[in-house]
Structure formats: structure tokens, C-alpha cells
Amino acid sequence: MQIHKERLIRMTVSSQTRAPFRGDHVGSFLRPERLKDARLQKAKGEMSAEDLKKVEDEEILKLVKKQQEAGLPAVTDGEFRRSWWHFDFLEGLDGVEGYDKEQGLPFNGVETKPRGIKVTGRVGFSEHDMIDHFRFLKKAAGEAAAKLTIPSPNMLLFRSEVAEGLYESDEELLTDLVQAYQAFITRIYKEGCRYLQLDDTSWASFFSEEGRAAVKKQGRDPQKAVELCARAINESIAGRPDDLLITMHICRGNFRSTFMSTGSYESVSETIFGGLDVDGLFLEFDDQRSGGFEPLRHVNRPDLTIVLGLVTSKFPELEHPDHIKSRILEASDYVPMNQLCLSPQCGFASTEEGNLLTEEEQWAKIHHVLEIASDVWK
């Protein structure tokens with residue numbers, strides 16, 4: 001009976017032909033111990049880059065198979081080749097370098113490894129390791145949708161240091177950054193990518209008074225910064241092919257099961273829900289830090305999909321299905337049910353350290369999302 005039920009879930013959730021899917025996921029997965037050990041050996045000079053790549057390839061193939069067996073219509077490489085969800089991609093752009101900082105990023109009670117990025121030359125795109133990474137995923141994905149996750153261009157605008165005298169203004173930097181993203185998107189489309197996700201923590205800076213104060217401390221006007229964020233997204237994805245679906249995940253921080261930001265979407269809801277040209281939004285709604293669904297009243301397009309992140313990826317306990325279903329129903333007061341989907345609120349490992357749950361508990365979360373989605377959208 002259980003086997004029949006799992007097969008029915010896979011058939012029901014996979015019956016959609018266009019992403020985001022009723023039961024979806026943000027993208028990153030816990031790194032297997034074998035992969036962690038291999039990366040550590042490489043860092044110590046005890047393993048070659050070629051041997052590390054072989055381990056990565058093998059573990060990604062296993063991961064893709066697990067995603068397919070679970071019934072996920074879209075699969076990722078789990079970000080298994082990355083240390084960070086954003087730095088690894090941004091460091092691959094022309095003119096951008098990574099470096100070790102004196103301090104890490106502060107989360108709620110913990111701190112990341114000390115790492116940062118700086119712009120040392122004109123930003124551009126000529127080649128990128130993630131082209132090959134996606135090519136490998138696309139081949140492994142088979143009939144499933146191969147989903148690529150990359151940081152939003154806002155992560156360079158708001159999380160990098162810029163060499164003095166290189167750019168006279170954010171506007172000038174934005175011009176080069178947009179061109180670099182457009183070039184990458186054009187290239188990745190040629191490689192067969194039809195499902196691209198932009199991950200973005202910059203929006204959370206505007207959700208609270210503390211966040212807006214921090215923006216002011218940087219010398220930026222919060223409202224103008226919001227407008228700049230929206231332009232960076234819209235201009236970077238402008239002119240994309242009709243069959244390339246682009247979503248954005250808005251995150252409040254996800255490191256070792258902790259968070260960085262709090263606050264409702266309300267203060268920038270008109271921009272996020274009514275002013276961005278993405279096809280879908282992955283949103284965190286897993287606890288009280290995210291506020292209620294009222295900001296969704298600003299969704300003004302019938303073709304914008306809202307993916308409700310109601311199942312937490314931070315802790316192993318499974319939410320009661322009836323509670324999740326009732327919250328989906330609440331959200332449908334503001335957005336029609338046919339524009340809603342369900343996912344974990346974030347990935348399971350935004351950095352290689354990963355959240356504080358086991359792989360078994362991680363997959364229980366994925367199955368939980370798919371089972372609830374199957375019941376809700378029959």
C-alpha cells in the first residue's frame with residue numbers, strides 16, 4: 001500500500017509540465033560525508049582537483065537519482081561543487097575576486113567562515129565553471145527539469161567591496177553587472193537551461209527598522225536601494241526567451257539552522273509582488289519572523305507563481321500536514337490556489353556546513369512537501 005501511495009504522489013506532483021512545481025524545493029542539499037572529506041583533503045593538498053571532481057560527479061549522480069526517486073519534478077546538483085551559495089558564482093565573473101576577511105557574517109548566535117568578495121576590475125562575463133556544472137546536471141537529469149540556482153545580481157551590488165576609483169556610482173556598476181548576467185543567461189540557455197533561480201538575501205535588509213538603518217549606515221537611501229534592487233533583477237532578465245522560466249528565492253539567511261534577518265514582506269511588498277518580472281517567487285513563511293500573508297495582496301499578475309516556503313529546512317520535526325494545508329488555504333485568500341505551490345522555506349545547505357539535521361531527516365522533509373502538495377492540488 002505504501003509503495004502504491006508513493007507512486008501516486010510521484011505521478012500527481014510530476015504531472016505539471018511547467019515550473020515552479022506544486023511540490024518544489026529551493027535547491028541545496030546536505031553534503032555527504034564522503035564529499036566533505038574529499039573537499040577537506042583537496043584543501044590540505046592531499047587530493048587533486050581531478051580526483052575531487054570525480055567524487056563530486058559521483059555524489060551528484062546519487063543525489064539526482066534520490067531526487068527523482070522522491071518524485072521531485074525538478075532536480076539540482078545540490079550545490080555540491082560550492083562552498084557558498086553565492087560567492088562561488090560571483091567569483092567566477094570577470095573583475096570579481098574572493099578573499100578571506102577578518103570576520104565572518106553574523107547570524108543568530110553563530111558566525112560564518114570569514115569570506116568576502118571584492119570588485120577589482122570591470123565586471124563582465126567571458127566564461128564560467130558553472131556552465132560545465134550545469135552541462136553535467138542536464139545530462140544526469142534525464143526527463144526531469146534541470147534547475148540551476150545562482151545568486152541574484154543584487155548580491156554583488158550589496159555584498160561586495162568595490163576598489164576605489166573603479167566605478168563612480170552604483171549606476172555605473174549596475175550597467176556592467178546587468179550585461180554580465182544577460183550574457184551568462186544567454187549562454188546557459190544555449191546549454192539547455194529552462195529553469196533558472198536567482199537567490200537573494202538583499203531584500204530582507206528592508207523588512208525591519210534595523211535592516212533599513214543598516215542600509216542608511218552604508219550611505220544608501222533605503223527607498224532608492226529598493227528601486228536599484230528591482231532594476232538589477234528586471235534588467236538582468238530582460239529579453240530572455242519565452243521558454244526560459246526564471247524564479248527568485250527571497251531569503252532571510254540560512255546558516256547552520258540559524259537566520260540573519262526578520263520582518264514581514266509588507267514594507268517592500270508592492271515592489272516584490274507587483275514590480276518584478278520574474279515568473280515565480282520562493283518565499284519564506286515557515287515561522288513568525290516572516291509575518292503573515294497580507295503582503296500577497298499586491299500580486300497583480302495571473303502568471304506569477306508564489307511558492308510558499310511553509311516547511312522549514314532548519315529543523316527535523318515534521319510540521320502537521322493539516323497545519324500546512326490550512327496555511328495554504330489562508331494564502332489563497334490573496335492569491336488564487338492555481339498560482340500557489342509548496343516548498344521548504346530554503347535549501348538544506350546554503351553553505352557546505354549545512355543545517356542541523358541528518359540526510360534521512362532532510363529527505364523526510366522533501367517527502368513531506370510532496371505528500372502535502374499531492375493532497376492539496378489533486
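In the predicted model, Arg39 has a relative accessibility of 18% and therefore counts as buried, the cut-off for this class being under 20%. The residue belongs to helix α2, which spans residues 33–43. When neighbours within four places in sequence are left aside, the contacts of Arg39 are with Leu52, Glu56, Phe80, Arg81, Arg82, Ser83 and Glu352. Lys53 lies 14 residues from Arg39 along the chain, and the C-alpha atoms of the two residues are separated by 9.6 Å.

Burial was also assigned to two cysteines. Cys193, with a relative accessibility of 0%, counts as buried because this value falls under the 20% limit, and Cys341 is likewise classed as buried, its relative accessibility being 1%. The structure contains 0 disulfides.

Among the elements of secondary structure, strands β2, β3 and β5 form an open sheet of 3 strands, arranged in the order β2-β3-β5 and with mixed pairing. Strands of a sheet pair through backbone hydrogen bonds, in either a parallel or an antiparallel sense. For strand β3, which comprises residues 116–124, the pairing with β5 is parallel and extends over 3 bridges; Val119 stands opposite Val162 of β5. Helix α7, formed by residues 170–190, lies across both β3 and β5, and its direction makes an angle of about 80 degrees with β3.

At the level of the whole chain, 12 helices and 10 strands are assigned. Of the 378 residues, 55% count as buried, a class that includes Arg39, Cys193 and Cys341. Among contacts in the chain with a separation of 6 or more, 80% are made by residues 24 or more positions apart. The accessible surface of the chain amounts to about 16400 Å², with carbon and sulfur atoms contributing 48% of this area.

Technical notes: Residues are numbered from 1 along each chain as its sequence is written. This is a predicted model: local features need pLDDT of at least 70, side-chain atom pairs count only at pLDDT 80 or more; totals for chains, interfaces and linings use all residues. Side-chain values use heavy atoms; hydrogens and water are left out. A disulfide is a pair of cysteine sulfur atoms within 2.5 Å. Buried means under 20% relative accessible area, exposed over 50%, partly exposed in between (1.4 Å probe, protein chains only). Helices (H or I, at least four residues) and strands (E, at least two) are DSSP runs, numbered from the N terminus. Contact means heavy atoms within 4.5 Å. Two strands pair if DSSP finds at least two bridges between them. Axes are lines fitted to C-alpha atoms, for helices over the stretch in contact, and angles run from 0 to 180 degrees between N-to-C directions. Accessible areas come from the Shrake-Rupley method with a 1.4 Å probe; for residues, only the protein chains shown count as cover.
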